[in-house]
Amino acid sequence: MVATRTPVPARPRTRARLGTGLLICLGVLAVVGLLSIALGTRTVSPQTVWDAFFHYADTDDQSIVRDLRVPRTILGLLAGVAFGLSGAVIQAVTRNPLADTQILGVNSGAGLFVVFAVGVLGLTSLSQYLWFGFAGVAFALTLVYLLGSAGRAGATPVRLTLAGVALGAVMDGISGGIRLVRPRAFDYLRFWDIGSLAGRPADVALTILPFVAAGTVLALLVARSLNAVALGDDLARTLGAGVGRTRVLATASVMLLAGAATAAVGPIGFVGLMVPHLVRWIVGPDQRWIFGYTVVLGPVLLLVADIVGRLVVRPGELRVGVVTAFVGAPVLIWWVRRRAVSAL
């Protein structure tokens with residue numbers, strides 16, 4: 001079991017410093033959001049962006065801003081919150097520093113159920129197959145926990161990680177088989193499967209907004225209780241924390257966040273791994289601050305990756321899921337090499 005530090009309430013001066021840092025991160029997010037609207041295969045001037053909002057004249061550049069870039073940026077904000085925060089919650093619940101929706105097979109579970117809905121049942125509307133994304137997350141979480149906790153050793157971080165990787169590979173293989181025998185599903189899901197913010201209409205963001213908001217609220221509500229759970233179940237009960245209730249609410253938040261985001265933009269990995277680790281290094285072990293910073297920095301990472309993908313291969317485009325994998329895989333290798341001994 002990975003050693004955990006006891007969360008210590010922040011002193012007033014520390015809270016002021018962390019609050020200031022959070023405001024700075026919000027400013028960074030605002031700048032990145034504006035860059036996401038302005039930059040791409042066709043760069044748009046700041047004046048054009050301003051006119052698109054306040055003096056719309058239906059020009060090509062203004063149409064690009066309002067009809068393509070703004071919906072894409074809003075979807076990136078929501079997906080960044082969802083993937084980052086779901087990873088932070090999973091790490092807190094399992095006390096596993098390697099936990100992430102991609103590594104634990106959660107994204108693969110959502111992807112398998114969405115592929116089944118599109119390829120076998122013929123569903124093509126997000127409002128229809130979104131529910132299959134939720135079911136896939138719940139299915140994957142349940143299987144990973146059952147397999148990872150089987151045996152006398154119980155649910156150690158390494159066992160959960162291995163179970164997630166193995167199940168994720170199996171579910172990805174089944175998804176690939178469905179796409180091969182169902183050409184329509186392959187055509188419809190080929191870009192979704194990589195993970196992309198491109199080509200989604202504005203109503204996609206509106207569809208997942210209530211679910212991401214509900215999952216975020218649930219995660220923030222259980223943040224204090226997760227501080228107690230980090231000390232161990234017995235001590236958490238002594239401190240008055242409802243361990244079972246906390247885990248149920250935390251799992252529900254992961255289901256809402258990861259299910260909605262994966263159904264909307266595809267199984268984008270490593271955001272939930274990288275962002276919480278960076279935030280934990282900045283703010284310490286208090287889950288309340290970790291979740292607050294992750295809500296802001298998750299979208300920053302995803303939007304920056306999307307901007308990079310638009311610029312590096314112009315006039316083409318590199319999907320955001322590919323960019324996050326290029327960055328996230330070395331981070332995972334570094335973390336495993338650094339922590340492997342203590343995790344075992």
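These legends walk through several close-up views of one predicted protein model. Because the model is predicted, local features need pLDDT of at least 70 and side-chain atom pairs count only at pLDDT 80 or more, while totals for chains, interfaces and linings use all residues. Residues are numbered from 1 along each chain as its sequence is written, and side-chain values use heavy atoms, with hydrogens and water left out.

View 1. Helices (H or I, at least four residues) and strands (E, at least two) are DSSP runs, numbered from the N terminus. Of the 344 residues, 51% count as buried; buried means under 20% relative accessible area, exposed over 50%, and partly exposed in between (1.4 Å probe, protein chains only). Now look at contacts, meaning heavy atoms within 4.5 Å. Among those with a separation of 6 or more, 76% come from residues 24 or more positions apart.

**View 2. Helix 4 packs against helix 5.** Two packed helices are described by the angle between their axes and the distance between the axes. Here helix 4 (residues 106-119) and helix 5 (residues 126-149) meet at about 140°, with axes 7 Å apart. That angle makes helix 4 oblique to helix 5 (under 35 degrees is roughly parallel, over 145 roughly antiparallel, 65 to 115 roughly perpendicular, and the rest oblique). Axes are lines fitted to C-alpha atoms, for helices over the stretch in contact, and angles run from 0 to 180 degrees between N-to-C directions. Residues making the contact include Gly 109, Ala 110 and Phe 113 of helix 4 and Gly 133, Gly 136 and Phe 139 of helix 5. The contact residues divide into 14 nonpolar, three polar and no charged. For this count, Ala, Val, Leu, Ile, Met, Phe, Trp, Tyr, Cys and Pro are nonpolar, Asp, Glu, Lys and Arg are charged, and the others, Gly among them, are polar.

**View 3. Phe 113 and Phe 139 form a tilted ring pair.** The structure holds seven aromatic pairs. Rings of Phe, Tyr and Trp (its six-membered ring) pair if their centres lie within 6.5 Å; planes under 30 degrees apart are stacked, over 60 edge-to-face, and the rest tilted. These two rings have centres 5.4 Å apart and planes at 45°, so the pair is tilted. Phe 113 lies in helix 4 and Phe 139 in helix 5, so the pair ties together parts that are 26 residues apart in sequence. Phe 113 counts as partly exposed at 22% relative accessibility, and Phe 139 counts as partly exposed at 35%.

**View 4. Trp 131 and Phe 134 form an edge-to-face pair.** Their centres are 5.6 Å apart, with 75° between the planes. Both residues lie in helix 5, three residues apart, about one turn of the helix. Trp 131 is exposed at 51% relative accessibility, whereas Phe 134 is buried at 6%.

**View 5. Gln 62 sits in helix 3.** With a relative accessible area of 7%, Gln 62 is buried. Leaving aside residues up to four places away in sequence, Gln 62 touches Thr 48, Asp 51, Ala 52, His 55, Tyr 56 and Ala 57.

**View 6. Trp 50, Phe 53 and Phe 54 form a cluster.** Ring pairs link these three residues together.
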